[in-house]
Amino acid sequence: MIDHLSSSQINLYLQCGLKYKYQYIDLIPKSFTVSALAFGGVFHSTLDWFHKRMIQGKSTTLENLYQIFDVDWYTLRMDANIRYKPDETEDQLITMGRELLSRYFQEKHKQIKGCEVPFTVPLYAPDNGHELGIALEGYFDLIETDGTIVEFKTSAVSLNMSDIDTRLQLTAYSYAYQILNRNPPKQIRVVNFVKAKKPKIISIETSRDRNDSVGFLYTAQEVLHGIQSKVFPPRLGFWCKECEYASLCPLWKHKVAATQKEPVYAEANVQ
Ligand code: SF4
């Protein structure tokens with residue numbers, strides 16, 4: 001049924017099993033793309049281009065970065081039906097992207113070992129150490145030469161420390177790094193690009209230990225068990241208002257039909 005798990009798949013299953021099924025089992029195309037996800041994807045690809053140039057020792061101007069961002073944005077927009085928040089425009093998002101890129105460009109950057117580094121590592125049963133028979137896959141946004149994992153997050157409001165300390169994705173990445181390098185990452189740094197009225201960049205550092213990895217493996221094992229048992233429970237929450245499958249969902253489609261309005265967006269979309 002599935003040949004790997006990613007941290008975003010695990011997160012989605014935990015948030016709403018039915019949405020996971022629509023997306024990863026039934027492979028139903030999404031009828032629209034939430035603007036926050038579109039923006040985050042384009043912003044990530046622009047940063048990736050910038051970091052690859054740094055690794056190659058090539059110089060980059062801020063104008064180059066703007067051009068890459070603009071081209072990536074318009075390419076995505078040609079294919080995707082982007083759904084904006086009620087009080088948001090495309091021009092505002094582009095201006096926001098340029099402002100955040102400008103701020104990042106001016107920061108002092110550490111030496112980079114790799115960017116958009118793919119990984120595939122086995123998952124183990126936490127109780128007996130046997131392989132679960134399925135791999136964990138993902139990408140490190142950035143790895144610095146001192147062994148720090150860096151993850152980039154765009155969000156409407158600032159991420160807080162407790163969110164960072166408990167975020168499953170960071171635990172999964174710390175686990176993967178440890179498996180691949182036989183050592184834990186020196187630290188994990190989240191660079192948060194905040195799309196506020198006054199855009200800002202916040203860096204937050206965190207770490208994970210062995211107990212966190214064991215807890216992650218337990219969660220992954222239970223999610224895998226649920227998927228293999230074809231258990232996909234729907235779960236209502238604020239996320240339903242921006243669910244791409246809301247018009248199919250037995251718990252929510254009547255609301256879509258009744259209002260025939262654009263979905264209202266949650267306060268903090270994080271990519
Ligand atoms: S509308 Fe809500 S409950 Fe239904 S599939 Fe989407 S996220 Fe799940």
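Visitor: Which residues does Tyr-175 touch, not counting residues up to four places away in sequence?

Guide: Please keep in mind throughout that this is a predicted model. Leaving out residues up to four places away in sequence, Tyr-175 touches Ser-213 and Phe-216. Tyr-175 itself lies in helix α7, and the C-alpha atoms of Tyr-175 and Leu-123, which are 52 residues apart along the chain, are separated by 9.6 Å.

Visitor: Is Tyr-175 buried or exposed, and why?

Guide: The general idea is to count neighbours, since a residue is called buried if 20 or more other C-beta atoms lie within 10 Å of its own, and exposed if 12 or fewer do. Tyr-175 is buried because 25 other C-beta atoms lie within 10 Å. His-225, which has its place in helix α8, counts as exposed because it has 11 C-beta neighbours inside 10 Å. Val-71, in helix α4 (residues 62-79), is partly exposed, with 14 other C-beta atoms within 10 Å.

Visitor: What are the residues with the most contacts inside the largest nonpolar core?

Guide: A core is read as a set of buried nonpolar residues joined through their C-beta atoms. The largest one here has 24 residues, and those with the most contacts inside it are Leu-136, Ile-149, Ala-172, Tyr-173, Ala-176, Phe-216 and Ala-220. Several elements each supply at least two residues of this core, among them α1 (7-15), β5 (131-144), β6 (148-155) and α8 (210-228). Helix α7 gives the most to this core, with six residues. Apart from this core lies another, of 18 residues, including Val-34, Ala-38, Leu-100 and Phe-152.

Visitor: Which residues is Ala-176 in contact with, leaving aside its neighbours within four places in sequence?

Guide: With those neighbours set aside, Ala-176 is in contact with Phe-119, Val-121, Leu-136 and Gly-138. For the chain taken together, residues 24 or more positions apart account for 72% of the contacts with a separation of 6 or more.

Visitor: How should I read the overall dimensions, and why does the radius of gyration agree with a compact globule?

Guide: One sets the value for the chain beside the value that a rule gives for its number of residues. With 271 residues, a compact globule would have a radius of gyration near 18 Å, and the chain has 19 Å, so the two agree. Along the principal axes, the C-alpha atoms fill a box of roughly 55 × 50 × 30 Å. The chain has nine helices and eight strands, and 27% of its 271 residues count as buried.

Visitor: What are the domains into which the chain is divided?

Guide: Domain 1 takes in 22-109 + 236-259, and domain 2 takes in 112-228. Their centres, taken over C-alpha atoms, are separated by 21 Å. The contact between them takes 16 residues from domain 1 and 11 residues from domain 2. On the side of domain 1 that touches domain 2, the elements giving two or more residues are α3 (35-55) and α5 (90-106), with the largest share, 11 residues, coming from α3. By class, that side of domain 1 has nine nonpolar, three polar and four charged residues.

Visitor: Finally, where is Leu-27 found, and what is its phi?

Guide: Backbone angles are read residue by residue, with glycine treated apart. Leu-27 is found in the loop between α2 (17-25) and β2 (33-34), and its phi is near 55°, a positive value in a residue other than glycine. Leu-27 counts as exposed because it has 7 C-beta neighbours inside 10 Å. Glu-116 also is not a glycine and has a positive phi, of about 45°, but its place is in strand β4 (residues 112-124). Glu-116 is partly exposed, with 15 other C-beta atoms within 10 Å.

Definitions and conventions:
Residues are numbered from 1 along each chain as its sequence is written. This is a predicted model: local features need pLDDT of at least 70, side-chain atom pairs count only at pLDDT 80 or more; totals for chains, interfaces and linings use all residues. Domain bounds come from an automatic or database domain assignment. Two residues are in contact if their C-beta atoms, placed from the backbone, lie within 7 Å. Helices (H or I, at least four residues) and strands (E, at least two) are DSSP runs, numbered from the N terminus. Ala, Val, Leu, Ile, Met, Phe, Trp, Tyr, Cys and Pro count as nonpolar, Asp, Glu, Lys and Arg as charged, and the others, Gly among them, as polar. The radius of gyration is taken over C-alpha atoms; the globule rule is 2.2 Å times the number of residues to the power 0.38. A nonpolar core is a set of buried Ala, Val, Leu, Ile, Met, Phe, Trp, Tyr and Cys residues joined through C-beta atoms within 7 Å.
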